[in-house]
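Subject: Structure for your review

Hello,

Please find the structure below.

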Amino acid sequence: MQPKQCIAIIDSIKAYAKQNPTEAQVYEDWFQAVVNLRDALPQDKRFDAYKYSGELRSVCAAMMGKMKTGEDVAKVYDIIGRTYLFEAKDVFDSYCIYLEWNRAPEKKFYQPRRRVLKVLADDLEDLFYKRIDFLGVSLPARVGKSTLCIFFITWLMGNRPDVASVMSGHSDKLTNGFYGEVLSIITDPVTYNWGKIFPDVQLVDKSAKDESVDLNRKKRFPTLTCRSIGGTLTGAVEIGEGGVLYSDDLIEDLEESLNVERLNNKYDAYLNQLKDRKKQGALELMVGTRWNVLDPLGRIQNQYADNPKYRFRVIPAVDENGHSNFNYDYGVGFDDAYYADMKASIDDATWWAKYMGKPY
């Protein structure tokens with residue numbers, strides 16, 4: 001069937017749904033027509049189908065409270081979930097939502113924080129599709145930036161299981177925690193739907209000692225290796241084309257950032273042990289507290305300030321009026337009073353660097 005025929009069928013179903021909005025089967029037919037459209041489109045045009053699945057999802061959400069029976073409500077809700085699954089391999093926002101689809105609303109990570117973190121999710125998607133080559137991220141502590149980046153790495157791994165990526169940070173404790181969270185997402189079918197999103201991708205090897213995860217087949221350079229910047233990196237890791245070098249908090253704290261020699265040594269280590277492990281076409285994600293204008297993230301921003309392929313995302317703790325930017329649903333964020341108290345309790349250097357994304 002040609003795409004134009006598929007679109008004509010979708011339009012006729014939409015017209016019927018408008019006249020018969022409480023007939024649950026019409027939304028099932030609508031969804032199947034959207035699936036047929038994507039199958040009819042060339043690979044580089046598949047996002048055109050997601051415009052229609054997004055529209056269907058919005059209509060279904062609006063009709064949830066208007067269906068005549070509980071059975072019909074369940075059918076429509078199921079279709080909403082299937083639209084997210086339908087898009088999940090290609091759309092990072094949909095992946096994040098469907099990954100946790102079975103969790104209780106208050107237990108989910110992404111949806112309570114989505115209103116704020118969606119812009120970062122879009123940045124990460126742009127990195128994946130090579131619309132940008134480098135993404136630098138500076139957000140306050142404990143607002144969800146590392147977890148969201150972990151979601152991103154598991155999405156990347158599912159889509160590109162044969163490509164090597166590397167995660168590094170200031171300590172083994174940090175990278176070991178990252179390794180454990182990645183492994184949990186991939187192997188815990190009760191909490192996460194990773195296996196449903198990537199049913200053809202299998203875990204073939206994992207090593208807590210090497211902090212590595214290999215998918216589909218064992219390789220010299222695993223699908224993901226987590227290693228601290230002080231660990232053995234040269235010769236042990238590689239970032240393949242389409243893979244990501246993810247650096248998280250290379251500078252440990254304010255004390256380290258104030259030591260010029262340690263700061264320079266850390267940047268040299270980044271250049272000689274991490275950046276030089278990137279093959280051509282490899283991507284880079286760097287997350288960090290902006291302690292010092294001469295930290296790795298600051299130096300890169302200064303060097304590539306005019307390069308449109310380099311993007312730097314900063315979301316401060318509060319806006320210009322002192323209102324929290326991270327007042328999430330279900331009380332999992334931080335309100336105005338929390339940040340006001342924190343600002344009054346710590347020194348200016350820490351406040352501006354750790355909470356506002358501006359090195360003092």
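A pocket here is an open set of grid points with protein on both sides within 12 Å along at least five of seven lines. The model is a predicted one.

By class, the lining of the second largest pocket splits into 5 charged, 4 nonpolar and 2 polar residues.

For the largest pocket the volume is about 510 Å³. It is lined by 24 residues, of which Lys 145, Ser 146, Leu 174, Asp 248 and Asp 249 are the closest to its centre. Two or more lining residues come from each of α7 (145-159) and α8 (172-187). The classes in the lining of the largest pocket are 9 nonpolar, 8 charged and 7 polar.

Cavities

There are 2 cavities of 30 Å³ or more. The largest cavity has a volume of about 80 Å³. Its lining is made up of Asp 249, Leu 250, Ile 251, Met 286, Val 287, Gly 288, Thr 289, Asp 295, Pro 296 and Leu 297, and the elements giving two or more of these residues are β7 (283-287) and α12 (296-303). In this lining 6 residues are nonpolar, 2 polar and 2 charged.

The second largest cavity has about 40 Å³ of space. Among the residues that line it are Ser 138, Leu 139, Pro 140, Arg 290, Lys 354 and Tyr 355. Helix α14 (residues 348-355) gives the most to this lining, with 3 residues. The lining of the second largest cavity has 5 nonpolar, 4 polar and 2 charged residues.

Helix pair

Helix α1 (residues 3-19) packs with helix α2 (residues 24-40) at an angle of about 165°, and their axes are 9 Å apart. Angles over 145 degrees count as roughly antiparallel, and α1 and α2 are therefore roughly antiparallel to each other. Their crossing is left-handed. On the α1 side the contact includes Ile 7, Ile 10, Ile 13 and Lys 14, and on the α2 side Val 26, Trp 30, Val 34 and Leu 37. The residues of this contact comprise 15 nonpolar, 1 polar and 2 charged.

Regards

Key:
Residues numbered from 1 in each chain as written. Predicted model: local features only at pLDDT ≥ 70, side-chain atom pairs only at ≥ 80, totals over all residues. Heavy atoms only, no water. 1 Å grid on protein atoms, 1.4 Å probe; cavity = no way out; pocket = protein on both sides within 12 Å on 5 of 7 lines; lining within 4 Å. Points joined across faces, edges and corners; volume = space filled by probe spheres on them. Helix = DSSP H or I, 4+ residues; strand = E, 2+ residues; numbered from the N terminus. Nonpolar A, V, L, I, M, F, W, Y, C, P; charged D, E, K, R; others polar. Axes fitted to C-alpha atoms, helices over the stretch in contact; angles between N-to-C directions. Parallel < 35°, antiparallel > 145°, perpendicular 65-115°, else oblique. Left-handed = near helix turned anticlockwise from the far one by under 90°. Contact = heavy atoms within 4.5 Å.
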